[in-house]
Amino acid sequence: MTCPCLDPSNSAQIGAIQVLRDEHRVIEEVLDARLDRHWDAAFFRQSIDFLGGFADGCHHAKEEKALILESAGISREGGPIGCMLSEHETGRDYARVIGEHLDASGRGDTNAARSIHDTIAACIATIRVHVYKEDDILSRLAEDALGREGQELMDAVFDRSDRSDGPARRRQQWID
């Protein structure tokens, strides 16, 4: 996907909250890419890499570490932030389960294949609802609570995050 909002050099001009929304569109594209296809080990391995690298390592890392809502008086415990964090953990659990069953499924283990399919279905449903909540509830809450000054601070934190070592350095690989 080519989107100027997803170019790290544009994040300060676009704004961190919009970058998160645009990253959600990339995640949705991956969800839409192969929903109607049969089991394919290479695709699932790539999906796990994407979920762990882009969705978790880049996107969730920014939401969890750089979304500075606590500075605006919004508690990390409970409420929309607690819900977001809990759903991120659920996504990590889904990716782990899929990864644990790939080899066995590839050897013909039908229980492992069924576990993968069931987990993927649950994961996709969870992510779709999660993205909706973040786009329509959490991001609006952030815009209102942070104000322009707080959003500019978050923009700078996101910019540093996208330029740091680790998964964020591979960010463009998953977007292209």
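Reply: Start with the rule for aromatic pairs. Rings of Phe, Tyr and Trp (its six-membered ring) pair if their centres lie within 6.5 Å. Planes under 30 degrees apart count as stacked, those over 60 as edge-to-face, and the rest as tilted. By this rule the count is one aromatic pair. The partners are Phe50 and Phe54: their ring centres are 5.2 Å apart and their planes meet at 20°, so the pair is stacked. This is a predicted model.

Now place the two rings. Phe50 and Phe54 belong to helix H3 (residues 41-66). They are separated by about one helical turn, because they sit four residues apart in that helix. Next, their surroundings. Buried means under 20% relative accessible area. Phe50 has 6%, so Phe50 is buried. Phe54 is at 0%, so Phe54 counts as buried too.

Next, the charges. The structure holds twelve salt bridges. One of them joins Arg21 to Glu143, with the closest N and O atoms 3.2 Å apart. This pair links distant parts of the chain. Arg21 is buried, at 16% relative accessible area. Glu143 is partly exposed, at 29%.

What is the accessibility class of Arg140? At 47% relative accessibility, Arg140 counts as partly exposed. Asp136 is partly exposed as well, with a relative accessible area of 31%.

A further bridge runs from Arg148 to Asp155. Here the closest N and O atoms are 3.3 Å apart. Arg148 is partly exposed, with a relative accessible area of 46%. Asp155, at 6% relative accessibility, counts as buried.

Some charges connect in a group. Arg25, Glu28 and Asp135 are linked in a network of salt bridges.

One more arginine deserves a look. Arg114 is placed in helix H5. Arg114 has a relative accessible area of 56% and is exposed. The cut-off is over 50%. Arg114 and His101 are 13 residues apart along the chain, and their C-alpha atoms are separated by 9.4 Å.

Last, confidence. The chain averages a pLDDT of 78, and 75% of the residues score at least 70. Among the elements of the chain, helix H4 (residues 79-106) has the highest mean pLDDT, 89. Helix H1 (residues 11-14) has the lowest, 54. Over residues 1-6 the pLDDT is below 50. Beyond near neighbours in sequence, that stretch still has 20 contacts in the model. Where pLDDT is low, the predicted coordinates should not be read in detail.

To return to the part you asked about: Phe50 and Phe54 are stacked, and both residues are buried.

Notes
Residues are numbered from 1 along each chain as its sequence is written. This is a predicted model: local features need pLDDT of at least 70, side-chain atom pairs count only at pLDDT 80 or more; totals for chains, interfaces and linings use all residues. Side-chain values use heavy atoms; hydrogens and water are left out. Helices (H or I, at least four residues) and strands (E, at least two) are DSSP runs, numbered from the N terminus. Buried means under 20% relative accessible area, exposed over 50%, partly exposed in between (1.4 Å probe, protein chains only). A salt bridge is a side-chain nitrogen of Lys or Arg within 4 Å of a carboxyl oxygen of Asp or Glu. pLDDT is the predictor's confidence in each residue, from 0 to 100. Contact means heavy atoms within 4.5 Å.
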